[in-house]
Amino acid sequence: MTLAVRYTAARTLETALVEPSAPGPGEVEVAPAYVGICGTDLHIFHGDMDTRVDAPAVLGHEMSGRVVRVGPGVEGWAPGDAVTVMPLRWDGACPACRAGHQHVCQHLDFIGIDSPGAMQQRWTVPAATLVRLPPSLSLDRAALVEPTAVAVHDVGRAGVRDGEKVVVVGGGPVGVLIALVARAAGADVRVVELSAHRRLIAAKLGLVGWDPAAVHVPDLLREWTGDAGADVAFEVSGAAGGVDTAVEVLGVRGRLCLVAIHPRPREVDLHRFFWRELTLVGARLYDRSDFEKAAELVADGTVPADRLISKVVPLAEAPSAFAALESGTDVMKILVDCTDDTQGAAA
């Protein structure tokens, strides 16, 4: 038997012993080492995704770990290999897949939401989802490869170029990662964030943060850009005010990249889109090249993942970690340590 954390109902998580499934043809069994808790996991915890999540459901899709055993027909992987998982399973037949956009397959199985995730001591996944980790990369830092891949994809979708001025609205984990990846692409970046704790973390990473409650962002923007406005804005806050700010900061022909999930329609200043010939770009998930680039950025320290990890909790204490994330802004990223083999892990 193996220990797993399962969502059973709104605001209810349980730790339970479950029977691990042996890897079938084309599958690999992985021992997760560290699993990050992300905003989507919190949405599930709140009960906001009950129409999609089939409870009891094992959560988690930001992970690192090692291969334990491989199923029939699997080549190129061996027990002990350090891996992360790109948690996407597509059908290959829908119009999106046929057009080459498998990551937004119209029948996408997002592993960890639509099917069992990584918050367990043994996890069987398709071998095609594995991404090899650099030997120098520690497994705790490697748990941030998946959210970094999101940032790499977002920066690519926005077409950020060297020398451009970029505003990131929302300084949570993904917002800070976008800022770091955009800076690595040569951009000059500002982060708009209400939380003093998150602004402090950004500052320690060399990022300039603006508190929209204490300063007038348009005035700072005019001073920073010489009244030109930003070239790119990323909306990562998920709030109506964040949308307004992201649109307002853009200069002529600026690009707005929508990253956050907005569960309800928002009012948008379309006149400003017309007047300044703005462009709106959606960004969702990632592809394999994004994952591979993300692993490089975390491994070489461009993304200092260790400085984004607020705390690490054992698997049995994962439910309390959800409550800690929900409560406030004094945490950035919490990892769940799945390596404790004293609680029923399979041999």
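The structure is a predicted model, in which local features need pLDDT of at least 70, side-chain atom pairs count only at pLDDT 80 or more, and totals for chains, interfaces and linings use all residues. Residues are numbered from 1 along each chain as its sequence is written, and side-chain values use heavy atoms, with hydrogens and water left out. The pLDDT, the predictor's confidence in each residue on a scale from 0 to 100, averages 95 over the protein, and 97% of the residues score at least 70. Over residues 342–347 the pLDDT is below 50, and this stretch has 17 contacts in the model beyond near neighbours in sequence; a contact means heavy atoms within 4.5 Å.

Helices (H or I, at least four residues) and strands (E, at least two) are DSSP runs, numbered from the N terminus. Two strands pair if DSSP finds at least two bridges between them. Three strands make up an open antiparallel sheet, in the order β2-β1-β4. Its edge strands, β2 (12–18) and β4 (57–58), each pair on one side only. Strand β1 (residues 2–9) is joined to β2 by seven bridges, and tyrosine 7 has leucine 13 of β2 as its bridge partner.

A further open sheet has six strands with parallel pairing, ordered β13-β12-β11-β14-β15-β16. Here the edge strands are β13 (208–210) and β16 (279–282), each pairing on one side only. Neighbouring strands of this sheet are turned against each other by 25° on average, direction ignored; axes are lines fitted to C-alpha atoms, for helices over the stretch in contact, and angles run from 0 to 180 degrees between N-to-C directions. Strands β11 (residues 165–169) and β12 (residues 188–192) run parallel and are joined by five bridges, and valine 166 has valine 189 in β12 as its bridge partner. Helix α7 (residues 217–225) packs on the sheet, where it touches β11, β12, β13 and β14 (230–235), and its direction makes about 160° with that of β11. Helix α8 (residues 240–248) also packs on the sheet, touching β11, β14 and β15 (250–258), with its direction at about 145° to that of β15.

Helix α5 is largely enclosed by the rest of the structure, because nine of its twelve residues are buried, that is, under 20% relative accessible area with a 1.4 Å probe and protein chains only. Among the buried residues of α5 are Pro173, Gly175, Leu177 and Leu180. Glycine 186, which follows α5, has a positive phi, near 100°.

Key
Buried < 20%, exposed > 50% of the residue type's maximum accessible area, 1.4 Å probe, protein only.
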